[in-house]
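Visitor: Could you walk me through this one? I have not looked at it before.
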Amino acid sequence: MLLSMKLTDISPAIALTPLDGRYHKQTAPLVEYMSEPALNRERMRVEVEWMILLANGFEGNGNQTIVPGVKPLTDDEQAYLRSIPENFGAEGIAQHAAYEAKTHHDVKAVEYYIDDQLEKAADVLGHDTQLTGLKTLVHFACTSEDINNLSIARCVKNGVEQVWLPAAQAIVDHLAQKADAYRDKAMLSLTHGQPATPTTLGKELAVYVYRLNRQLNKVKAQEYLGKINGATGTFGAHLAACPDVDWVAVSREFVTNRMGLTWNPLTTQIESHDWQAELYGTISHTNRILHNLCVDVWMYISRGVFAQVPVKGATGSSTMPHKVNPIRFENAEANLEISCSLLDTLSATLVESRWQRDLTDSTTQRNIGSALGYSLLALNNLMGGLNSIHPNDVAIQAELDSNWEVLGEPIQTAMRACELAGLPGMDKPYEKVKELMRGHEISKDDVERFIDQQAFDKATAARLKALTPATYTGVASKLVDFDR
Ligand SMILES: O=C(O)C[C@H](Nc1ncnc2c1ncn2[C@@H]1O[C@H](COP(=O)(O)O)[C@@H](O)[C@H]1O)C(=O)O
């Protein structure tokens, strides 16, 4: 009998997307900050911190209770509240999901989950605790976006600072080490894919270090904005309930000092998400620079400039046994593209919302983790690829040796300088060198003969004759120092 096994019947559930399936191990560090349970946990942190501020006040208001009738929370009560998000595990996730199935509102389900935990507070703190009677303080005067925007900002900040940035920084540090090690390693450069003025391998890598550092510095300086100002950003409900409170000051205190974010004073119902567009723009830009690096290194490998270290036991091609393929760079290239497309969509769409709010941002923001995840996966593969390559000195030297025509540039430029200094016989330098070199195969002897035929002074002739494609690298080696 033919049995048809359904993949959807298998437990634990099979992942649909590669980030949570095939690549889960590499993207798992982001789960702690960017997954749905991570967001719900962060929502709980925001809710309980808001309760603590409302009950206990802050330095700016003389540590007075903000909502009249609420007593200051004891240290134990505060610790109990703070333990709610910290204990949010498998059981809590299921409980929250059950509430959401009823409410069809994810933030309301968080509120009910906290209510539940308040009911249990007496078991831990004794019957004197006021927590069991404080359900109405949960989510007080808040709209869901007050909780969401702060939670999402903190999730993204942590995901970027704890996971993505260190992985990106590791690539830059690795490149900087290679740039330093290969600062003197001359190689042929190609512009338009044609032999051009030689450079050094280290200097070319240092260009990437410099470019990437500029973007990472922007990520490090990124502002993460947050707001807590009610349903349409007017503090209307706050004032209606507690007219004597300086709610603007309370909001500033909460966002800045309790949430560790930059206070946004002026919003509709939603935080305007402009900081998100800025951040995703910078990360997308970083991705594109890394994409350029992947393609460059892939082509250097193809040309022989870099050799790959074969991984013991690994297969290159399923049919061509000799091959070692640059698959890590190809994987990184592809995943950087996917990350960019998601980041670009996030940047473009999150900054728009109809009038005081529409809900398009909600489902869109659920993809921030994927956008960062594809980039993280790429960083991981890129690091693996970079760890497996080293310069192929023989191939690099052979390229230089077979391209003596690249010395046409220094010779014609030296002729110009001599002519400008009044040396006779130095006219039409460009044309003369072009006549000798363009489209011909040129040898060391041809170059020397040409120099001898010109009316150079002795010192210039000697300096030019001492040049080889391998020594014609200007100050490339020293320029590497500008990468930090
Ligand atoms: O504080 C409020 O809720 C105010 C309300 N605006 C809302 N603000 C924030 N969240 C809201 C809003 N409305 C719905 N929801 C809930 O958002 C969830 C959307 O689910 P998904 O599309 O999967 O991301 C899903 O759980 C929705 O129930 C308004 O009327 O202005």
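Visitor: Is D344 buried, exposed or partly exposed?
Guide: D344 is partly exposed, with a relative accessible area of 31%, where buried means under 20%, exposed over 50% and partly exposed in between, with a 1.4 Å probe and protein chains only. This is a predicted model, in which local features need pLDDT of at least 70 and side-chain atom pairs count only at pLDDT 80 or more, while totals for chains, interfaces and linings use all residues. Residues are numbered from 1 along each chain as its sequence is written, and side-chain values use heavy atoms, leaving out hydrogens and water.

Visitor: Which side chain does D344 meet in a salt bridge?
Guide: D344 pairs with R288 at 2.4 Å, N to O, a salt bridge being a side-chain nitrogen of Lys or Arg within 4 Å of a carboxyl oxygen of Asp or Glu. D344 lies in helix α13 (residues 327–350) and R288 in helix α12 (residues 274–303), so the pair ties together parts that are 56 residues apart in sequence.

Visitor: And R288, how accessible is that?
Guide: R288 has 44% relative accessibility and counts as partly exposed.

Visitor: Switching topic, how many of the residues count as buried?
Guide: Of the 484 residues of the chain, 49% are buried.

Key
Helix = DSSP H or I, 4+ residues; strand = E, 2+ residues; numbered from the N terminus.
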